[in-house]
Amino acid sequence: MDEQLNIIFALMLYIMDQSLKEENCTLDDIGAFLDYLNTTYFYKNMSYEDCKKIGDFIINVIISNEGKAMYFDGFDFEQRTYKIMNISYIANLVVIADSEVKRTSYYLTDDSYNLLLST
């Protein structure tokens, strides 16, 4: 469980780093990053393609909740009351990369920055 949480947060930090550098963060980039993490620290029997699939799973299922809106009961400090809040951790945009091929690039939302910077 610890390794799983570490990979999720490491991936979110990687996406944040790419965003701050104003560089694209495609599934190929994410797969390469996870492959680097695996070969350097985790030593699991996984190929680059496996890492890319795990990256896709983390992005689209875990962080994005399969595209379904996530609502949480949270405290609104300005209104000093609890209310239901919609939280979205990741967003994407279509970019042109390598010889005019369209790719999806991921970036963190303000909710993600709040989560990462407060943990």
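User: Which helix does Asn38 lie in?
Analyst: Asn38 is in helix α2. Keep in mind that this is a predicted model.

User: Is Asn38 buried or exposed?
Analyst: Buried, because its relative accessibility is 3% and the cut-off for buried is under 20%.

User: And what does Asn38 touch, not counting residues up to four places away in sequence?
Analyst: Tyr43, Lys44, Met46 and Cys51.

User: OK, on to the largest nonpolar core. Which residues touch the most other members?
Analyst: Leu11, Ile15, Ile30, Phe33 and Ile59, out of 25 residues in that core. The elements giving two or more residues to the core are the helices α1 (2–20), α2 (27–42), α3 (48–63) and α4 (110–118), plus strand β4 (101–108).

User: Which element gives the largest share?
Analyst: That's α1, with seven residues.

User: Back to Ile30: what is Ile30 in contact with, leaving aside neighbours within four places in sequence?
Analyst: Leu11, Tyr14, Ile15, Cys25, Gly55, Ile59 and Tyr106. Among those contacts, Leu11, Ile15 and Ile59 are also on the list of residues touching the most other core members.

User: Now the outside. Which residues form a nonpolar patch on the surface?
Analyst: Phe75, Phe77 and Tyr82 do, and together they have about 390 Å² of accessible area.

User: Where does Tyr82 lie, and why does it count as exposed?
Analyst: Tyr82 sits in strand β2, residues 81–87. It counts as exposed because its relative accessible area is 57%, and the cut-off is over 50%.

Methods. Residues numbered from 1 in each chain as written. Predicted model: local features only at pLDDT ≥ 70, side-chain atom pairs only at ≥ 80, totals over all residues. Heavy atoms only, no water. Patch = residues over 30% accessible without salt bridge, like charges linked within 9 Å, V, L, I, M, F, W, Y side chains within 5 Å. Areas by Shrake-Rupley, 256 points an atom, 1.4 Å probe, with all protein chains shown as cover. Salt bridge = Lys/Arg side-chain N within 4 Å of Asp/Glu carboxyl O. Helix = DSSP H or I, 4+ residues; strand = E, 2+ residues; numbered from the N terminus. Buried < 20%, exposed > 50% of the residue type's maximum accessible area, 1.4 Å probe, protein only. Core = buried A, V, L, I, M, F, W, Y, C linked by side-chain atoms within 4.5 Å. Contact = heavy atoms within 4.5 Å.
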